[in-house]
Amino acid sequence: MKVVRGGTVVEAHWSGPADLLIDGETIVAVLAPGAEADPAAEIIDATGKLVLPGGVDPHCHVGFTSGEFTSLDSYRECTTAAVFGGTTTIIDFAIPRPGQQPLEAAEIQRAKAGDGLCDSALHACVVEWDDTTAGQLATLADAGIRTVKMFTTYAGETMADEHTILNTMQTTRDLGGMVVIHCESDAIVTDAQRFAAASAGIDATHMAKTRPELAETASVAAILAIAESQQAPVYFVHQSTAAAVELVADARKRGLIAFTEAVAHHLTLDDTAYSGSDPERFVCCPPLRSAEIVEGLGRHLFTGQITTVGSDHCCYDTAQKQLHRHDVRHMPNGLPGVETRLPVIFSHYVGGLGLTPSRFVELTAANPARTNGLYPRKGSLMPGADADIVLWDPDLEWTVTTEALHMATDYTPYEGLRVRGKPVTVLVRGTVVVHDGNLVDATPRGRHLEAAPLDFRLC
Ligand code: URP
Ligand code: ZN
Ligand code: ZN
């Protein structure tokens with residue numbers, strides 16, 4: 001038995017002083033502060049700390065191959081960084097390589113879970129529809145892989161056509177799952193890239209113009225129409241503008257089950273990074289937007305129109321990002337962020353702008369678990385939940401540096417940023433893994449999590 005004593009428990013739906021009783025891997029009771037517990041129980045002192053459910057990162061690419069590049073981390077490396085950053089569940093993607101089927105891609109990725117320091121789940125991915133796809137999706141759903149990633153861009157790689165998207169939406173809807181989709185109009189992007197290449201240039205300093213906001217809103221509108229035609233639930237990944245978020249909010253008002261994910265870099269960084277000293281390090285899709293758009297997006301954390309905050313973690317290093325420095329079309333997209341997601345969002349939005357700690361937990365743990373069939377086992381501190389617990393020091397000020405982080409790359413987009421708030425002690429299924437900022441148990445204990453049929457009443 002363990003007791004987490006003296007802290008302020010923060011759940012998505014309440015917060016207040018309370019102690020947590022842990023038996024083995026599970027939370028078994030939420031106790032009044034200082035309540036008597038088994039005298040043999042180990043006490044974990046949480047005085048002055050917020051006691052949060054471990055973060056659930058709904059969007060995390062591990063060892064992700066795209067074109068000629070593979071992101072650099074293993075499950076062990078990614079989850080080590082995750083736990084240092086207060087995240088105790090990652091949701092990765094099984095993206096088929098050319099010629100590979102979704103089922104095979106998922107089996108390969110699922111086999112890596114045991115190497116993790118924390119638990120993980122998977123989104124499957126459909127690129128092309130054939131006679132076997134519905135059956136494969138049913139097999140995957142039986143194995144607890146119910147969310148299916150799709151892309152409206154990256155032609156020739158992972159882009160799916162509208163027939164494939166509609167078929168996949170129908171099938172996942174009937175299997176208790178959901179399509180999770182990257183929306184950018186490939187035609188608008190390709191045209192903008194061609195124009196840039198023929199005029200101002202197509203190196204990273206021009207990144208923002210090569211993937212305009214309109215490419216995102218046009219694609220979101222098209223996908224919402226397909227989802228509405230099927231009354232299929234849909235989750236939009238990494239929405240980067242208020243306009244895109246509002247299209248989804250309007251569809252929700254019409255009765256569609258639809259969700260918005262925003263990611264930490266779109267909420268905290270802007271396109272001035274493309275005129276800085278290392279613009280390639282900030283190349284991601286959708287790109288970083290103007291400060292005004294970032295502010296508009298961030299407002300929707302407060303209005304309730306953003307459902308989750310993910311990282312879209314992609315662990316490329318500077319050499320990979322700079323190999324094709326003259327042409328963004330050939331650069332690997334994505335930023336490392338599994339470890340910095342919670343601290344930068346907490347510092348900027350909770351400490352800086354007054355987001356409540358409960359809403360922070362809702363966005364970064366509870367809702368990611370709910371939309372992925374993992375709640376309340378993950379993303380909550382209720383009795384019966386896995387004892388994935390973070391003791392968070394809300395007042396600890398620190399400077400983000402690559403050296404202080406654990407991601408398998410040589411940079412962070414937040415180098416030199418002063419932040420306030422840090423996870424100091426992290427439990428994974430009842431075991432203290434990080435204590436006082438040090439890794440104290442590196443045992444690989446990761447489990448592949450099977451998603452329950454999605455219950456949208458929870459969301
Ligand atoms: O730039 C990004 N987001 N790269 C990762 C792949 C994806 O589109 O999510
Ligand atoms: Zn994407
Ligand atoms: Zn992604």
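Predicted model: local features only at pLDDT ≥ 70, side-chain atom pairs only at ≥ 80, totals over all residues.
Q: How much of ligand 1 does the protein bury?
A: The protein buries 99% of the 260 Å² that ligand 1 exposes when taken alone.

Q: What about the side chains of Tyr154 and His61, at what distances from an oxygen atom of ligand 1 do their N or O atoms lie?
A: For Tyr154, an N or O atom of the side chain is 2.8 Å from an oxygen atom of ligand 1. For His61, the corresponding distance is 3.2 Å.

Q: And which residues come nearest to ligand 1?
A: There are 14 residues around ligand 1, and those that come nearest are Tyr154, His182, Cys285, Asp312 and Asn333.

Q: On to the metals. What are the protein donors of the zinc ion (ligand 2)?
A: They are His182, through ND1, and His238, through NE2, which lie 2.1 Å from the ion. His182 belongs to strand β14 (residues 178-182), while His238 sits in the loop between β15 (234-236) and α8 (242-253). The two residues are 56 residues apart, and the pair links distant parts of the chain.

Q: Are those two histidines buried or exposed?
A: Both His182 and His238 are buried.

Q: Why is the arrangement around the zinc ion (ligand 2) irregular?
A: The four donor atoms around this ion subtend angles of 58 to 146°, and the arrangement is therefore irregular. A tetrahedral assignment would require all angles to lie between 85 and 135 degrees.

Q: Which residues coordinate the zinc ion (ligand 3)?
A: His59 (NE2), His61 (NE2) and Asp312 (OD) coordinate the zinc ion (ligand 3), at 2.0 to 2.2 Å. The spacing of these donor residues in sequence is H-x1-H-x250-D.

Q: Where do His59 and Asp312 lie?
A: His59 is in the loop between β8 (55-57) and β9 (65-66), and Asp312 is in the loop between β17 (308-310) and α11 (318-322), so the pair ties together parts of the chain that are 253 residues apart in sequence.

Q: Buried or exposed, those two?
A: His59 is buried, at a relative accessible area of 0%. Asp312 also counts as buried, with 7% relative accessibility.

Q: Why does the arrangement around the zinc ion (ligand 3) count as irregular?
A: Its four donor atoms subtend angles of 84 to 133°, which makes the arrangement irregular.

Q: What distance separates the zinc ion (ligand 3) from the zinc ion (ligand 2)?
A: The two zinc ions are separated by 3.7 Å.

Q: Changing topic: how many helices and strands are in the chain?
A: The chain has 13 helices and 21 strands. Its radius of gyration is 21 Å, close to the 23 Å that the globule rule gives for 459 residues, so the chain is as compact as a globular protein of that length.

Q: What box do the C-alpha atoms fill, and what share of the residues is buried?
A: Along the principal axes, the C-alpha atoms fill a box of roughly 70 × 50 × 40 Å. Of the 459 residues, 61% count as buried.

Q: Last one: where is Pro212 found?
A: Pro212 is in the loop between α6 (207-210) and α7 (213-230), and it counts as partly exposed at 23% relative accessibility. Its C-alpha atom is separated by 31 Å from that of Ala82, 130 residues apart along the chain.

Terms used. Residues numbered from 1 in each chain as written. Chains lettered and ligands numbered in written order. Heavy atoms only, no water. Donors = N, O, S within 2.8 Å, 3.2 Å for Na, K, Ca; no water. Tetrahedral: all angles 85-135°; square planar, octahedral: opposite > 155°, others 65-115°. Helix = DSSP H or I, 4+ residues; strand = E, 2+ residues; numbered from the N terminus. Buried < 20%, exposed > 50% of the residue type's maximum accessible area, 1.4 Å probe, protein only. Near = heavy atom within 4 Å. Polar contact = N/O pair within 3.5 Å; in protein donor to acceptor, adjacent residues only side chain to side chain. Areas by Shrake-Rupley, 256 points an atom, 1.4 Å probe, with all protein chains shown as cover. Rg over C-alpha atoms; globule rule 2.2 N^0.38 Å.
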